[in-house]
Amino acid sequence: MILPRRLRLAIFLLTRSFASMLGIVLVTVILGLALLGPVIVPYPDHVAGGIDLANKLQSPSAAHWFGTDEVGHDILTRVIIGARLSLLVGIGITLAAAAIGVPLGILAGLVGGPVREAIMRLTDLFLSVPGLVLAIALVAALGPGIVNAMIALILVWWPGYVRLADSKALSIRAEPYIEAARVAGAPTFRILWRHVLPNSLSPLIVKMSMDVGQAILAVASLGFLGLGAKPPTPEWGAMISIARGYLPEWWWYAVYPGAFIYAAVLGFNLLGDGLRDILDPRSHRG
Amino acid sequence: MTALLEIEEYRLAFDSFDGSAAVLDGIDLTIEAGSTLGIVGESGCGKSVLARSLLGLNPSPPARVASGQIRFEGRDLLTLRPAAMRALRGRRIAMIFQDPASYLNPVLSIATQMEDAIRGQDAAAGGAVRARRAARAHAHSLLGSVGLPDPARLLASYPHQLSGGMRQRVLIAMALAGDPTLLVADEPTTALDVTVQAQVLALIAELVRDRGLTLMLISHDLGVIAAACARIVVMYAGTVVEDAPTRALLEHPLHPYAQGLIAAVPDLDRPEITPRGIPGSIPSLLSPPSGCRFHPRCDRATARCAAEKPLLRELLPGRRVACHHATP
Amino acid sequence: MTALLQATGLAKTYATRRTAFRAASSVAAVAGVDLLLPEGGALGLVGESGCGKSTLARLLLRLVPVSDGRISFEGRDITDLAESALRPLRRRMQLIHQNPSAALDPRLTVAASVAEPLRIHGLDLSRLPELLAEVGLPAEMLHRHPHELSGGQKQRVCIARALALEPRLLVLDEPTSALDVSVQAQVLELLAGLRARRGLSYLFISHNLAVVRQVCDRVAVMYLGRIVEEGASAEVLGAPLHPYTRALLASVPRLGAGGVVARGEPPNPAAPPPGCPFHPRCPMAEERCRAGTAPLLREVARGRRVACHLVGGHLVG
């Protein structure tokens, strides 16, 4: 079968780079674990509830590859189920933030004038407060919990998309093909939807890929601080938060969730880098 | 006259994802010391790549020398070590480019950039590097020699304060810093307005005359080449198709492509003659046409043209042409 | 002949905002231009970079806001029309850009690009192959993307897109400067054929005087936002009157002998010289050229206008 040139080139660019391949492998593994989680975990009833104090704080073994926690739950099981939650939350935050930020940014860049001024100043207002601090304050106001943590992080995240989409739209607005569309009589909305948005997508997709990793990290941070998912929900950050009390003797309790956070963030960042290589028009001549 | 530069059977390929493009396909040409040679051709004919080859400026990869020699003053430039090439750049061979704005650093003053160039040439020469003050004095005189008024004020300014023509003059002055023998000018006036173009061409002609420079001028504009060069090489799709004295080429081109190129230029003084385009477009060098690379667009092409690559042969004294059907 | 497009005292001033480091100032990109393009005519607009010829074209198409003056198209004043009222008129006034690679959305196929104006105006899409044929492209090109086409082919696609709306006016902004000379001649042939067949009017912007002489029956020479000479192209380019037109013509490299060299460079539009804007470069400048206001564009002979103190009506009789 002959693949289209674009696809062959994309595969070539990805496979050429070890880092991109590593990113793809990590993301695929985590996605796979998240999708298959409930089917493949060795102790499905350990996900929530079900205390097995006889087996508490067992070191890694054939029965419990990652050991067990302070109530005897299998850590492997909880880490895999945690991947579902983290991915869902990471992707959800990113998509929601992009859904708010991108239209605003493109509108700002394309229309300009007072509209842009208003949107950008509002964005500045949000960007001038450190993200996690703002999220902590929001969660404190809304009350802890995974949903509130997501809402807080979405509110922190969207301004980044406004900035990126605005700068992209500003540069695309100057392209002659936008003027050509105006000359053809295209209304602003059509120009925005048909020309500006599709041509701005590449850097946005790259940013979104990297942001999924960052959002996973942020949710884990909130969980660690006790502001996100509450135990016994198998959330990586919340797990580490409890595991901290068992360090260094019962090291596996903290190390395995930590390693998964690390792998997820690294995977999405490397994937983002790889996507940048593919989507950058300058690499098309390759 | 002795040959300053001899290019023999030079083949250069650009390797890419889509395959290997034969960008230069057996270039043969010689430049006599003190002569002026123009290389004309359309986009993708390889004229700029050829010029950059002289200074080792084609990044490798993707560029790959497949065969050939470029002998400058008897030494093969293609086998020169990087250090030896650096010593040659600017001191023996200098180059000026199409877009003067992008060859000056916007955050440094003209004085700083010229001093750096002059001191860099001193270092490359292996002798003593002169002090900034002495370098500035030299920069002052160089700017004067390229016809720039008030060099002192100019030295204190930044590139954005200069017009396009002034920037190109500054770059020419910098190119002269190493007192080169060969000046390679790659589309030096293409980004300039027509009145300024005429001034820069006049300056180049004056420098060639007064300093005894050898000039290799690359342009897509036959008019520019004709104004500055005694001899013209016409390139097409990585090959030299014709090599002739300027007047002879313009009045009586022998290669069908050279004929087509001249017929395509609208003549301001003879508007009654409608310019004629050459049908088709420039071929992809990833899969160039067999035989003569021009044959798919040539109205005289025969089966032989598709099968056999025509050699560049001396058809008349001092005139070479690569066409099976060319007659004197 | 009726006027298809007419400009009176048209001006565009760009104001630079006051910042902490710089006082507010203004740049007159176009400074009071009177222009008339008759139905079926081809008017060339020539001049060096920064002379305001591209800005003037965009003003005439109402793509940039007008600072002063009036524009009328098909006898109707369009200066103050809202964008929505302008939209139906846009069908009859189209623009061709200099760089066809940038004028086509890289993500759209040829078919999608050419169909876009038809879709916007709710017209029949079945004419696509016919439009492509009219600009000399085979129908199989419809499914290609811009990066698969040569420069000449891309410019033909842009021309097809402009023709889709059956325009009466085509504004061509350096339509062949990004093309190779052998391809330029092909495109010029195409444009000449289209004009004859469809009765189009051209406003043809170019820095290439030889091309303008081929294409246009009238030519206006611009310098620093003003028209300095205007007339039949054979007369203006064959026997120029304004010193700037002469300098421009003399600078063109000829295949024959070398030209004369004009001195100086175009001045900065933000700080134009007093008096005649060309006087610092003019070999004939006198005292009266150096002070006061710029000389007005006056009719010095039938159909010939020149803005120069030194060119009197008596010179051409």
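B:Glu73 counts as partly exposed because 16 C-beta neighbours lie inside 10 Å of it; a residue is called buried if 20 or more other C-beta atoms lie within 10 Å of its own, exposed if 12 or fewer, and partly exposed in between, with C-beta atoms placed from the backbone. This is a predicted model, in which local features need pLDDT of at least 70 and side-chain atom pairs count only at pLDDT 80 or more, while totals for chains, interfaces and linings use all residues. Residues are numbered from 1 along each chain as its sequence is written, and chains are lettered from A and ligands numbered from 1 in the order in which they are written.

B:Glu73 is not a glycine, yet its phi is positive, at about 50 degrees. The residue sits in the loop between strand 4 (63-72) and strand 5 (75-76) of chain B; helices (H or I, at least four residues) and strands (E, at least two) are DSSP runs numbered from the N terminus. C:Arg62 belongs to the loop between helix 1 (53-60) and strand 4 (68-73) of chain C. C:Arg62 counts as buried because it has 21 C-beta neighbours inside 10 Å.

The account now turns to the chains themselves. Chain A comprises 10 helices and 0 strands. The C-alpha trace of chain A spans about 75 × 55 × 30 Å along its principal axes, and 47% of its 286 residues count as buried. Of the contacts in chain A with a separation of 6 or more, 70% are between residues 24 or more positions apart; a contact requires that the C-beta atoms of two residues, placed from the backbone, lie within 7 Å.

Chain B, in turn, has 11 helices and 12 strands. Its radius of gyration is 21 Å, close to the 20 Å that the globule rule gives for 328 residues, so chain B is as compact as a globular protein of that length. This radius is taken over C-alpha atoms, and the globule rule is 2.2 Å times the number of residues to the power 0.38. Along the principal axes, the C-alpha trace of chain B spans about 65 × 50 × 40 Å. Of the 328 residues of chain B, 51% count as buried.

Within chain B, 8 strands form an open sheet with mixed pairing, in the order 6-7-8-3-9-10-12-11; two strands pair if DSSP finds at least two bridges between them. Strand 6 (93-96) and strand 11 (313-316) of chain B are the edge strands, each pairing on one side only. From one strand to the next, the twist averages 25 degrees. Helix 6 (residues 164-175) of chain B packs on this sheet, where it touches strand 6 and strand 7 (182-186) of chain B, and its direction makes about 170 degrees with that of strand 6 of chain B. Such axes are lines fitted to C-alpha atoms, for helices over the stretch in contact, and the angles run from 0 to 180 degrees between N-to-C directions.

Chain C contains an open sheet of 4 strands in the order 2-1-4-5, with antiparallel pairing. Strand 2 (25-38) and strand 5 (76-77) of chain C stand at its edges with a single partner strand each, so one side of each is left without a neighbour in the sheet. Strand 1 (residues 3-16) and strand 2 of chain C are joined by 11 bridges in the antiparallel sense; one of the pairs is C:Leu10 with C:Val33. Elsewhere in chain C, strand 6 (residues 93-96) runs parallel to strand 7 (residues 169-173), with 4 bridges between them. In a regular strand the side chains alternate between the two faces of the sheet. In strand 6 of chain C, C:Met93 and C:Leu95 point one way and C:Gln94 and C:Ile96 the other way, and all are buried.

Chains C and B also meet: 33 residues of chain C are in contact with 36 residues of chain B. Helix 7 (181-198) of chain C is among the elements that give two or more residues to this side of chain C, and helix 7 gives the most, with 8 residues.
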